[in-house]
Amino acid sequence: MAKERTSVRMQAQIKTLSEQGHSIRTIARILRLSRKTVRRFLVESPGAEAAEAASWVSGVDWAYVRQEVYGKGTTIKQIHREVAPEVRYVSFWRAFRDEVPRQASPQEVTMRLHHKPAEKTQVDFCDGLAITDPVTGKQTLTQFFLGVLPFSSYTFGEFVLDQKLSTFIGVQERMFAFFGGVAPYLVVDNLKSGVHRADLYDPDVNPTYCDFANHMGFAVLPARPYKARDKGSGESAIGVIQRGFFQEVRNRTFYSLADLNAAFRAYVERLNHAVMKDYGISRAERFGEEKKALKPLPSQRFEMSEWRQAKVHPDCHIQVEKNFYSVPFVYVGQRVRVRLTEKMVEVFNEDSQPIAAHGRVTGVGKFSTFDSHYPEHKLSVARFEVRHAKEQATRLGPHVEKLVDHLLSGEHPLRHLRRVQGILRLSKSYPLTPQAVDHACQRALTFNKTRLAYIKDCALYFVTHGQRPRLLTPQRQADTVHLHQPALSVGADNAASQGRKDGGLL
């Protein structure tokens, strides 16, 4: 390329525009020259301008400028207006760049981490790709879960619909199965499914997720809030997948989560077996050595549980999902922690020590009670009250006695003692009579409705309306297939027979 030449007239134009305050970029655009040519002419121009520039540069207290800009956060434009307003901002900025080289603060300095084999697993979530409903065409944005072993960069990923606790634990189970083992530490972001309360020094891990970690055999290391470098391998792997797989399938339409994950599994297989430039081998080859150091998977699958809080009532019971479970009487009035599984209800005190365990009951208003949870003197009084209740029931009627025996039978007779006492006291409240209570107990046994409210309503109805009409079952004569009308008197029956013999009509 021929050397670009500038005439004397063009040089004068460059000088004039520069004196008017135009930047090198603007001068080059106006005169249709390269910025390099304009800059070379301005720099090489001898004379008073260079001396003048040297004078103002030497007259600025650059130590003060450094302190204001880097120490107090003052902008360069503001400090330019304060210390050298007569100089063009571009000239001041260039002098600042040369005279005050930037020094990195200790907070900006990073250190390369050397990960040990099978030491940590890093997991993270990000927005995934959309799946389209084939009928309505509605698109649903998925969530992408990623897990990576930092030493080998061996990567696992899966698209899911949400970040709920059950999803979070289920996808990690599949991740560990993919790795074939468990690393002793897992670095997790501060999402609610993993970390109940984020904190720089003392984060609170979700109790159910903590149970999962204990079951699998790893310790949870929550990343510091707003410190993405704590899980740098995970962030880097997500970036690789977003630039790779996300762009690879940008023009494809997925109609189900299974199709999307199938396409990603093919991609991650290629990714793990591709040669890495830094090491000259693939992730899978490095993982082959790392896998030997992983802890084995547990023999049983993790059982999902749910943690709640409850208060112990004066009757030594806690309420969980409209059912009641007994705890030792020493915890009356205290808050306890409750762990719910599919089949069990476990109760723990504030120090996480187990204090009671029950089989989970179904229905509404059911009780699971152990007599040992009551004080001994209260228990003896309650047992006396059971015997006394049975004696009272015998004096009120046979159906009351039968219902009371039904309620107080079984391994835990104290469970329905308060209900029995309420039924027996109905006979002492006006206008209910023992006959009305006995009738109500009969109806309760017939329809298997033993709640106190139903028995009371039946007794009040009996007092107001009396016994309901009794329905008789139609009877059939042995020598006929037809149902006959109510029987006539013997005299009328004989007269009817004689009339038929005489050919007369009745």
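This is a predicted model: local features need pLDDT of at least 70, side-chain atom pairs count only at pLDDT 80 or more; totals for chains, interfaces and linings use all residues.
A residue is taken as buried when its relative accessible area is under 20%. R339 has a relative accessibility of 17%, which is why R339 counts as buried. The side chains of D211 and R339 form a salt bridge, with an N to O distance of 3.3 Å. D211 belongs to helix α9 (residues 207–216) and R339 to strand β11, so the pair ties together parts that are 128 residues apart in sequence. R339 also meets E346 in a salt bridge, at 2.6 Å from N to O. E346 is partly exposed, with a relative accessible area of 23%.

The count of salt bridges comes to 10. One of them joins E248 and R270, whose closest N and O atoms are 2.8 Å apart. E248 lies in helix α10 (residues 232–248) and R270 in helix α11 (residues 257–273), so this pair ties together parts that are 22 residues apart in sequence. E248 is partly exposed at 45% relative accessibility. R270 is likewise partly exposed, at 44%. A network of salt bridges links E306, R308, E321 and R360.

Helices α1 (residues 8–19) and α2 (residues 24–31) pack with their axes 10 Å apart, at an angle of about 140 degrees. The two helices are therefore oblique to each other. The crossing of α1 past α2 is right-handed.

A nonpolar patch on the surface comprises F329, V330 and V332. Together these residues have about 240 Å² of accessible area. V332 sits in the loop between β10 (323–326) and β11 (335–340). The relative accessible area of V332 is 34%, so V332 is partly exposed.

Terms used: Residues are numbered from 1 along each chain as its sequence is written. Side-chain values use heavy atoms; hydrogens and water are left out. Patches are made of residues with over 30% relative accessible area and no salt bridge: like charges are joined within 9 Å, nonpolar side chains (Val, Leu, Ile, Met, Phe, Trp, Tyr) within 5 Å. Accessible areas come from the Shrake-Rupley method with a 1.4 Å probe; for residues, only the protein chains shown count as cover. A salt bridge is a side-chain nitrogen of Lys or Arg within 4 Å of a carboxyl oxygen of Asp or Glu. Helices (H or I, at least four residues) and strands (E, at least two) are DSSP runs, numbered from the N terminus. Buried means under 20% relative accessible area, exposed over 50%, partly exposed in between (1.4 Å probe, protein chains only). Axes are lines fitted to C-alpha atoms, for helices over the stretch in contact, and angles run from 0 to 180 degrees between N-to-C directions. Angles under 35 degrees count as roughly parallel, over 145 as roughly antiparallel, 65 to 115 as roughly perpendicular and the rest as oblique. A crossing is left-handed if the near helix is turned anticlockwise from the far one by less than a right angle, and right-handed if clockwise.
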